[in-house]
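Hello,

Here is the structure I promised to pass on to you. Please have a look at it first, and then read my notes below.

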Amino acid sequence: MGLEEAMPVDGYMTTQVSRVINWARRSSVWPMPFATACCGIELMATASSRYDLARFGAEVFRFSPRQADLMIVAGRISTKMMPVLQRIYLQMTEPKWVISMGACASTGGLFDTYAVVQGVDQFMPVDIYVPGCPPRPETLIEGVMAIQQIIDQDNIPYDADGKRKPLGISLTEGNSKNVNVTINGS
Ligand code: SF4
């Protein structure tokens, strides 16, 4: 954000500022929903009062990519739709993250046809795969919590060319409370 550069050279102060920035970032994740099918209904349920995604500061769904930093792909993506999804992803603000929600987004699901993308990770970086058909809202919430852990660790990997590397972390349904999002410098 440039604040670190504006601070005097002091490792302690820089670390503290960085922790505050990450705390603010993790507490105000703004999702960009790209819901195309039944998983979208579970996504909507996650934001509703029963599951209350607002508890995690992530209920402000934005439909403008420039106001969002978490892409949630929920549902199958056709080859015709993929360029649109890619363009929206590119227009989102950095740093940004991607959740692939459900079997269809992650693998094409049961739609093993030429018209359906067999996993969005072939075309864009995916950080968290949320399993299920559809995933329950609790599982999606665990995906959002895993993203928050990544932000807390301030450990976003880039390759030698400065391009974002996907984290590719798969949650295990039902026991993802223990998900290890340590990136080990990869
Ligand atoms: S994973 Fe299942 S619930 Fe989700 S979009 Fe595909 S068929 Fe629908």
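Let me start in the sheet: strand β2 (residues 70-74) and β3 run parallel and are joined by five bridges. Helices here are DSSP runs of H or I with at least four residues, strands are runs of E with at least two, and both are numbered from the N terminus. Two strands count as paired if DSSP finds at least two bridges between them. Along this pairing, L70 sits opposite W97 of β3, and M71 has V98 of β3 as its bridge partner.

Before going on, two notes on the model. It is a predicted one, so local features need pLDDT of at least 70 and side-chain atom pairs count only at pLDDT 80 or more, while totals for chains, interfaces and linings use all residues. Residues are numbered from 1 along each chain as its sequence is written.

The whole sheet is open, with five strands in the order β1-β2-β3-β4-β5 and parallel pairing. At its edges are β1 (31-35) and β5 (169-170), each of which pairs on one side only.

Strand β3 (residues 97-101) is mostly covered, with five of its five residues buried. Buried means that 20 or more other C-beta atoms, placed from the backbone, lie within 10 Å of the residue's own; exposed means 12 or fewer, and partly exposed is in between. In a regular strand, side chains alternate between the two faces of the sheet. In β3 both faces are covered, by W97, I99 and M101 on one side and V98 and S100 on the other. Over the chain of 186 residues, 32% are buried.

As for the overall layout, the chain has six helices and five strands, following the pattern α-α-β-α-β-α-β-α-β-α-β.

Now to the helices. The axes of α3 (residues 39-47) and α6 (residues 137-153), fitted to C-alpha atoms over the stretch in contact, come within 9 Å and cross at roughly 75°. That makes α3 roughly perpendicular to α6 (the range is 65 to 115 degrees, between N-to-C directions running from 0 to 180). E42, L43, A45 and T46 of α3 meet P137, L140 and I141 of α6 (contact: C-beta atoms, placed from the backbone, within 7 Å).

Just after α6, D154 takes a positive phi of about 55°.

Best wishes

Definitions and conventions
Angles under 35 degrees count as roughly parallel, over 145 as roughly antiparallel, 65 to 115 as roughly perpendicular and the rest as oblique. Two residues are in contact if their C-beta atoms, placed from the backbone, lie within 7 Å.
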